[in-house]
Number of protein chains: 2
Amino acid sequence: MTTLPHQDQSTNDPLTNGNTSNGYGTDKLSRATEIELLLKAVLAQLVPFLHSADQELQAHQANDDVDETSLVDTKSPSELNYTLTDDGTLSLPKYGSSQLGLLHSLRSILSYSVNTSSPGFLDKLYSAPLAPGIAAELILSILNTNVHVYQVSPVLSLIETHVTKALASLFGFTGPRTGGINVQGGSASNTTSIVVARNTLYPETKIHGNNVNGLDLVLFTSEHGHYSISKAAQQCGFGSAAVISIPVDEVTGQIMPSRFEELVIEQKTRGKTPFYVNATAGTTVLGSFDPFTEISAIAKKHGLWMHIDGAWGGGFVFSDALRQRWLKGTDLADSIAINPHKMLGVPVTCSFLLLKDLRRAERACTLRAGYLFHDVEEEQDSENDETLEQRQVESNGQDSLQSTVDDDESDWNAPTDLADLTLQCGRRGDSLKLFLSWQYYGTLGYASKIENAYSIATYFADVVSKNHNFLLVSENPPPCLQVCFYYAPGQKLVYGVSKDATEGDKTKAGKKNSVVTSRITRSLVRKGFMVDFAPALGHEVEKGTFFRVVVNISTVRETVDRIVRDIEAVGKDVVRALGTARASA
Amino acid sequence: MTTLPHQDQSTNDPLTNGNTSNGYGTDKLSRATEIELLLKAVLAQLVPFLHSADQELQAHQANDDVDETSLVDTKSPSELNYTLTDDGTLSLPKYGSSQLGLLHSLRSILSYSVNTSSPGFLDKLYSAPLAPGIAAELILSILNTNVHVYQVSPVLSLIETHVTKALASLFGFTGPRTGGINVQGGSASNTTSIVVARNTLYPETKIHGNNVNGLDLVLFTSEHGHYSISKAAQQCGFGSAAVISIPVDEVTGQIMPSRFEELVIEQKTRGKTPFYVNATAGTTVLGSFDPFTEISAIAKKHGLWMHIDGAWGGGFVFSDALRQRWLKGTDLADSIAINPHKMLGVPVTCSFLLLKDLRRAERACTLRAGYLFHDVEEEQDSENDETLEQRQVESNGQDSLQSTVDDDESDWNAPTDLADLTLQCGRRGDSLKLFLSWQYYGTLGYASKIENAYSIATYFADVVSKNHNFLLVSENPPPCLQVCFYYAPGQKLVYGVSKDATEGDKTKAGKKNSVVTSRITRSLVRKGFMVDFAPALGHEVEKGTFFRVVVNISTVRETVDRIVRDIEAVGKDVVRALGTARASA
């Protein structure tokens, strides 16, 4: 147990937490000391937690055995609930337990949490947090800044404006009104893009709702797109049935532009009004990049807003080579989402919605509550509040996307009270995390990290494709940092299906494959690997779930070799056990 | 400039950031050390920042002069932009500047940020961050946990479930299915409550949109309610015109129940379908608490979902006395929002939506993407994914709120993959901040802090009401921690209006009062006070803006005495200057 200096314990009695009898006593005078001592004691537990991950990485690189993985001590929800209740971690007491209680809880929290810095954490589209992002979180917590109005968040507001403009420019958004907003996650970015699109094209919906004048709006996304688009459609009152799924190319997983246009025309014929298409830069499962230029041409032709969900693959924008290979045409979009908390080693959450014309976010989202947003010159007409909204509804009618961007040269000053550009009120200063990380590594440092990760993913796909125990689902080289494959000894699926099998047989066989994938996945955790799996896509659905392993910017090549060996070893046992179970059944 | 040990500089060359030529080299082995050294260097700047606020607090308590305030070095956006560009803080370089660059930027960030720990930061409904919440942020940043599925967030998922249930129970939600979800802020809490309400009462809207079967939904909130309700209505496709504003009592600022019912009936007569009412626990300006019991009776009678926006005043729930005084009837609501980042000293953001029946959040929000949500037993029918949604639409029709809560005793296991209860996918583990703070202070520790703050707010209102230079707008005692008042020498408004004044005269006079309030506010910053102001409400609107000063749980009584003195001193000058300007005009 970490011992705290006597001084600190005395000013922070566990029962009163330093409150003297008058209730606002001397404890407040030593807040800085209290915080410093607590943070140092917390850090004394956190550093060994990180160190254990470093040691495991070192073991990977040296090809040493790993006796005990740093990844996680797995427990089911009920087991863990029992453990944490039993050791007092979950108690919320009448009398505070102050520093000692917090440090006690922290021990349990670290013991049973997933260590995302562990080299075998290859499960999700985020991974080890890096030093500058962690430092930024500490700074944010002590500043405790709310980035809604400039008055209380001067520096962080400017930083948000600055970093979003720089990021937008990497994607080719270079006009005078380009920029972006920090939002609370990829789902929120995508949702906001839909609201901005709708309110830009049909501003009267902001006041009178989706169905004003009999409008029946529909939106489009890839069948491989993220589920947040459907969730947003439900939230925004369109309903999930308003989301039209665009088929993808079976090999590349990319939207088929011709099918997209057919669907737009079909919806129009049915009396619907298509208004939005979401293309993806790095789909969740395969990591595919849609053909942005072709999609944009169709979107423009039919008057749709084009959004790119680059929450994951948008990170490639830092590399010239990868940007040129996969991100061509992003400058043609109206909005782009990117989550630096995914590929860029920034702690969750850090997400941006970038806009070709930031003024549209203001028009779409503004609602200037008089108690929060104050005009700079109070002598001015105080009736300003609703002017923007009214002017927009009166004058715009349907805003042709092209004309606003290219032709409308009217002056516009970006607001400095940033909440007015968003759907939020209170806002965390998450931009600082990307900002300080970008400074720390530089554009080229990030480029090198990402290119290196891509080379490891390519190596991984290559190893898998050459190994007769696996069947690669991803392309080789893969488009992004995921490598998808089946464990398939002899390069056949474990429970293969003959050509004349019935649908029922196929379904059964696919389920067995899913069992194999899922059981291997679970067994791998004890060996220090956490990987994910996904259902087979499109016409392959009957084959069952396959592995989706995600390389990240901290991954080393030796980890790839190790996981391949471990899956082979575990897979053999799993298949044998299943075979025995079938024989004895 | 902080000097870093040689070892660290060598493994973190500013140009390569420690990447060796093979791109995934030795730097990764010392991540723990890199992070530890950086955090300690960052802390070495943050502690003096906090210390300066402590010293100012000490000066207040000792009645000493404050030579230089810790609050903020105010600059306009353009001035600050110039300064930060000039000193290199805003640069996003090609080559990373590593630790030294970060520490350089940090100096500027701290120099020009608002110090929310400063005793004079009385501007907003949040304030000084306290030790346990700051520690929690540091822990979260290093865990880098995404609380979407249990697999990757075992401990933080259980903690969220545990702390939301405990919080819900304080509000009187005690049934078997009560609980809550951590959301990204108060606006998001309120928005989510609207979506859950709509999808519970009209589940077919989830698939077919707001206007399914000709529905024309409207919702209700107080004219003093937070603007996020209108913003949510815009976002969710109802449009702001669907929000019906309920008049309040002129003295207390509370919703008038009879007017609420009249409006519901009126809307029904017009063919609209009322489905939701938002009552407030602690309004943004006056801090009023609506009469929940009466509102609930009307909501139940007419089949409306009742939500309580307790983002601010919900913090009173920790005090028996204040809960009994102001929060009677919260157990009758269907959902409650509370932001511990406001009253409870938890760093922004930490917000919860509590539900009487958490199953409704699942039904309303579930969309189980196969690549993220996996059934525990993979052998089970893989068609489970859509069952819940379909069952709900097929069987529910319109869900009578009473019957689901009281009569439907079917078993329900709360999901352990918490994202499925929310509108989000990736989610930060903000619950940990309240959880550790609650443990640190205990329920009674929080109660004592809040009761003490309330006694200081009461003292403040009392001082203002007895001082002939002020006109108190708040009730005395005030309902919550805000004290609203005019600077009004002789207890008359500076630019008073005679009874037979024209509307134009009134408007002009009100504007002058607004000028006085706003100018005093600006001048106070140099004296170490940041306070907010708000437009006069209802029939008083012509009087112009008044001060809204927010007491927080770190405020001391001496600060109240000081701000009163300072407003008097500054106010005199402001009024004199305005008089001179008028005379010379």
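These questions and answers concern a predicted model of two chains and the terms used to describe it.

Residues are numbered from 1 along each chain as written, and chains are lettered from A in the order in which they are written. Local features need pLDDT of at least 70, side-chain atom pairs count only at pLDDT 80 or more, and totals for chains, interfaces and linings use all residues, while side-chain values use heavy atoms, without hydrogens and water.

Q: Why is B:S98 called buried?
A: Buried means under 20% relative accessible area, exposed over 50%, and partly exposed in between, with a 1.4 Å probe and protein chains only. B:S98 has a relative accessible area of 2%, so B:S98 is buried. B:S98 lies in helix α4 (residues 98–112) of chain B.

Q: What makes B:N213 count as exposed?
A: The relative accessibility of B:N213 is 67%, and B:N213 therefore counts as exposed. B:N213 lies in the loop between α8 (205–208) and β3 (217–222) of chain B.

Q: How do you know that the two copies are related as by a two-fold rotation axis?
A: Copies are superposed by least squares on the C-alpha atoms of residues with pLDDT of at least 70 in both. Chain B can be laid on chain A with an RMSD of 0.0 Å by a turn of 180 degrees and a shift of 0.0 Å along the axis. The copies are therefore related as by a two-fold rotation axis. In chain B, the C-alpha nearest the axis belongs to B:C236, 1.9 Å from it.

Q: Which residues have the most contacts inside the largest nonpolar core?
A: A nonpolar core is a set of buried Ala, Val, Leu, Ile, Met, Phe, Trp, Tyr and Cys residues joined through side-chain atoms within 4.5 Å. The largest has 308 residues, and A:F316 and B:F316 have the most contacts inside it. Contact means heavy atoms within 4.5 Å. Leaving aside neighbours within four places in sequence, B:F316 is in contact with residues including B:F289, B:W326 and B:Y454.

Q: What makes the bond from B:N476 to B:P477 stand out?
A: Most peptide bonds are trans. The bond from B:N476 to B:P477 is cis, with omega near 0 degrees. The bond from B:V348 to B:T349 is cis, with omega near -5 degrees.

Key. Helix = DSSP H or I, 4+ residues; strand = E, 2+ residues; numbered from the N terminus.
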